[in-house]
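Have the coordinates open as you read.

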Amino acid sequence: MGFSAIYAVSSTDIVYETFDGDAVVLDLASGRYFGFSDSGSCVWEALIAQVPPASLVGRACGGGELSADDLDAFVARLTEFGLLSLAPEAAASALSPDLAGRLATAREALRIDMHDELADLVMVDPIHDVDEPAGWPVVKQ
Amino acid sequence: MKLGVVLPVYNRETYVGSALRSVLRQREAADLDVIVIDDGSTDGTAEAVRSFIAGGAPIRMFSQANAGVTKARNAGLRQLANDTEFVTFIDSDDISPPGRFAADLAYFKADPALELTYSYMRMVDQIDDETLEPVAGCDDRIFRGVHLSAGIYRRSLVERIGEFDEDLAQAEDTDFLFRIFEQRARHVFPETIALYYRRHEYNLTRNVAESRREFLKAMQKSMRRRKADPTLGDLRGFVQVTHPSGEGAPLRP
């Protein structure tokens with residue numbers, strides 16, 4: 001990992017939201033969806049806001065500090081899953097005070113959980129993912 | 001056996017009569033109790049429903065200020081009769097195919113512990129509102145996806161699962177079904193076509209951005225529940241993209 005690098009969501013097939021501090025990510029191309037630990041949600045939000053991972057090292061997190069190794073492993077998982085990719089042209093952002101505060105009070109280690117049991121539903125159910133011009137379900141290729 | 005059929009409706013005077021006729025033609029299958037929740041319609045919906053009631057149909061209609069489909073479904077559940085044993089739903093623009101109730105209620109007769117039948121839906125872009133059948137040659141798909149009308153639910157299961165989550169403006173049906181399968185409800189997946197899902201210009205779920213956000217919220221709620229209670233089941237298996245008969249176009253580009 002280029003530790004001072006900046007990352008961005010890798011494609012428009014990656015959709016995400018945060019509800020009450022819990023991030024959820026859905027890959028429309030694979031049908032896989034992802035949840036995070038509390039610290040993982042914070043770091044995900046930071047990374048997609050173009051905060052460089054390097055600037056998170058040493059940040060207060062759950063009574064300890066984020067280590068370079070933990071961040072390295074976490075970012076590697078995100079890129080392996082195809083959720084993030086390098087954004088060499090992007091400008092770095094600073095961690096927001098809100099995210100810094102949430103990170104400091106997080107209780108769980110950095111983690112992302114992948115789920116694939118709804119892949120068929122995500123990929124073909126027209127009620128929840130309609131190709132608008134066609135108005136009919138389209139299986140992602 | 002009494003089957004409560006919950007039908008929330010908002011400004012669907014064009015379609016609600018067809019939906020009701022499709023249910024009422026199945027009166028021989030069960031003691032039907034059709035519960036219509038008029039969610040503040042401003043068109044001729046209420047009059048259309050009243051015309052069926054005036055004709056002696058087993059329909060009870062309740063009107064409320066517009067509150068959205070989630071609250072309307074809950075209002076319907078709260079009106080279930082004391083002696084209702086089974087519950088299902090139909091949306092105001094959909095059609096219940098002939099024989100649909102009889103086919104799936106038979107599974108409950110065969111297995112007194114059964115809590116749920118969950119069947120297929122046929123999505124079509126044209127329905128003949130005289131025959132209540134898809135128009136020959138119309139575009140259609142048959143699959144088992146997420147639709148409340150695909151299920152018949154034993155009353156005790158509905159009570160165990162609880163009401164629709166009013167935090168969800170959409171995907172309340174998804175969340176409800178997720179909770180059922182997380183709870184490992186005893187179920188069967190019949191080959192019945194449980195509904196004709198009518199695609200039309202005004203489908204609620206064609207607002208893709210909002211429906212996707214609400215779907216993500218339902219997923220997040222499910223993950224949170226399963227994280228808090230690892231004994232809950234996962235959601236594998238209840239979606240099926242083709243019907244065993246091979247009818248209907250496969251879900252492919």
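This is a predicted model: local features need pLDDT of at least 70, side-chain atom pairs count only at pLDDT 80 or more; totals for chains, interfaces and linings use all residues.

Another buried position in chain B is worth a visit. B:Arg122 sits in strand E6, which covers residues 120–124. Is B:Arg122 buried or exposed? It has 20 C-beta neighbours inside 10 Å, and therefore B:Arg122 counts as buried. Leaving aside residues up to four places away in sequence, B:Arg122 touches B:Pro134, B:Asp140, B:Ile142, B:Ile193, B:Tyr196, B:Tyr197 and B:Gly248. The C-alpha atom of B:Arg122 is also separated by 6.7 Å from that of B:Phe143, a residue 21 positions apart along the chain.

Now for the helix pairs. Two packed helices are described by the angle between their axes and the distance between the axes. The table lists these values.

| Helix pair | Residues | Axes come within | Crossing angle |
|---|---|---|---|
| H1(A) and H3(A) | 38–48 and 97–104 | 9 Å | roughly 160° |
| H1(B) and H2(B) | 16–24 and 45–54 | 9 Å | roughly 25° |
| H6(B) and H7(B) | 172–182 and 208–228 | 9 Å | roughly 25° |

Take the pair in chain A, whose axes cross at roughly 160°. That angle makes H1(A) roughly antiparallel to H3(A), and the crossing is left-handed. H1(A) contributes A:Ser39, A:Cys42, A:Glu45 and A:Ala46 to the contact, while H3(A) brings A:Leu99, A:Arg102 and A:Leu103. By type, the residues of this contact between H1(A) and H3(A) are four nonpolar, one polar and two charged.

In chain B, the axes of H1(B) and H2(B) cross at roughly 25°. H1(B) is therefore roughly parallel to H2(B), with a right-handed crossing. B:Val16, B:Gly17 and B:Leu20 of H1(B) meet B:Thr45, B:Ala48, B:Val49 and B:Phe52 of H2(B). How do the residues of this contact of H1(B) with H2(B) divide? There are five nonpolar, two polar and no charged residues.

The remaining pair in the table also crosses at roughly 25°. H6(B) and H7(B) are therefore roughly parallel to each other, and H6(B) passes H7(B) in a right-handed crossing. On the H6(B) side the contact is made by B:Thr174, B:Asp175, B:Phe178 and B:Glu182, and on the H7(B) side by B:Phe215, B:Ala218, B:Lys221, B:Ser222, B:Arg225 and B:Arg226. The residues of the contact of H6(B) with H7(B) split into three nonpolar, two polar and five charged.

Finally, step back to chain A as a whole. Its secondary structure comes to four helices and eight strands, and from the N terminus on the elements run β-β-β-β-α-β-β-α-β-α-β-α. Of the 141 residues in chain A, 40% are buried. Among contacts in chain A with a separation of 6 or more, 69% come from residues 24 or more positions apart.

Note on methods
Residues are numbered from 1 along each chain as its sequence is written. Chains are lettered from A and ligands numbered from 1 in the order in which they are written. Axes are lines fitted to C-alpha atoms, for helices over the stretch in contact, and angles run from 0 to 180 degrees between N-to-C directions. Helices (H or I, at least four residues) and strands (E, at least two) are DSSP runs, numbered from the N terminus. Angles under 35 degrees count as roughly parallel, over 145 as roughly antiparallel, 65 to 115 as roughly perpendicular and the rest as oblique. A crossing is left-handed if the near helix is turned anticlockwise from the far one by less than a right angle, and right-handed if clockwise. Two residues are in contact if their C-beta atoms, placed from the backbone, lie within 7 Å. Ala, Val, Leu, Ile, Met, Phe, Trp, Tyr, Cys and Pro count as nonpolar, Asp, Glu, Lys and Arg as charged, and the others, Gly among them, as polar. A residue is buried if 20 or more other C-beta atoms lie within 10 Å of its own, exposed if 12 or fewer, and partly exposed in between; C-beta atoms are placed from the backbone.
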